[in-house]
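These notes are meant for someone opening the model for the first time.

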Amino acid sequence: MFSPGTERVSAVIPHYGDPAPTLALVDALRAQTSGPDLEVVVSDDASPQPFPQTKGVTVVRRERNGGFGANVNSGAAATATTVTTVISVRVSVNRRRMNA
């Protein structure tokens, strides 16, 4: 997931519900062979099935469900880069790039 000379980018993934689709997205992002160095932040919106602590992923767990916007903002507040993108679990990611 690293191309020399590119800026580090944060990917915020909002999570609520079954962790399996979010874990699959995290795995797909890690498997990318091109693109910027990626910081992955999963923001859990007080899901009844909490997102598990995952190596290489910053997990932010909200105490109360605040909806999509609040969840994204919580995740963005935990990033360490100047460039942040929000990625939905509905996005498919192949080894080379994301597809909406």
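1. For sorting residues, Ala, Val, Leu, Ile, Met, Phe, Trp, Tyr, Cys and Pro count as nonpolar, Asp, Glu, Lys and Arg as charged, and the others, Gly among them, as polar. On that basis the lining of the largest pocket divides into 5 nonpolar, 7 polar and 3 charged residues. Note that the model is predicted.

2. The volume of the largest pocket is about 270 Å³. Its lining is made up of 15 residues, and P14, H15, Y16, F68 and V89 are those that lie nearest the centre.

3. Which elements each supply at least two residues of this lining? They are β1 (9-15), α1 (19-30) and α2 (67-77). The largest share, 3 residues, comes from α2.

4. Helix α2 deserves a look of its own. N71, V72, S74 and G75 are buried in α2. Seen down the helix axis, these buried residues fall within an arc of 160°, so they line one face of α2. On the other side of the helix, N73 and A77 are exposed.

5. What covers the buried residues of α2? The cover includes strands β1, β2 (38-44), β3 (57-61) and β4 (84-86).

6. A search of the whole structure gives 3 salt bridges. One of them joins D37 to R8, with the closest N and O atoms 2.9 Å apart. This pair links distant parts of the chain, since D37 is in the loop between α1 and β2 and R8 is in the segment before β1, 29 residues apart. D37 counts as partly exposed at 25% relative accessibility, and R8 counts as partly exposed at 37%.

7. R61 and D44 form another salt bridge, in which the closest N and O atoms are 2.9 Å apart. Here the link runs between strands: R61 is in β3 and D44 in β2, 17 residues apart. Is D44 buried or exposed? At 0% relative accessibility, D44 is buried, because the cut-off for buried is under 20%. R61, with a relative accessible area of 42%, is partly exposed.

8. D45 forms a salt bridge with R62, again with a value of 2.9 Å between the closest N and O atoms. The pair connects two loops, D45 lying in the one between β2 and β3 and R62 in the one between β3 and α2, 17 residues apart. D45 counts as buried at 3% relative accessibility, whereas R62, at 21%, counts as partly exposed.

How values were computed: Residues are numbered from 1 along each chain as its sequence is written. This is a predicted model: local features need pLDDT of at least 70, side-chain atom pairs count only at pLDDT 80 or more; totals for chains, interfaces and linings use all residues. Side-chain values use heavy atoms; hydrogens and water are left out. On a 1 Å grid over the protein atoms alone, a cavity is a set of points where a 1.4 Å probe fits but cannot get out, and a pocket is an open set with protein on both sides within 12 Å along at least five of seven lines; lining residues have an atom within 4 Å of a point. Grid points are joined across faces, edges and corners, and a volume is the space filled by probe spheres set on the points. Helices (H or I, at least four residues) and strands (E, at least two) are DSSP runs, numbered from the N terminus. Buried means under 20% relative accessible area, exposed over 50%, partly exposed in between (1.4 Å probe, protein chains only). The arc is that of the directions from the helix axis to the C-beta atoms. Contact means heavy atoms within 4.5 Å. A salt bridge is a side-chain nitrogen of Lys or Arg within 4 Å of a carboxyl oxygen of Asp or Glu.
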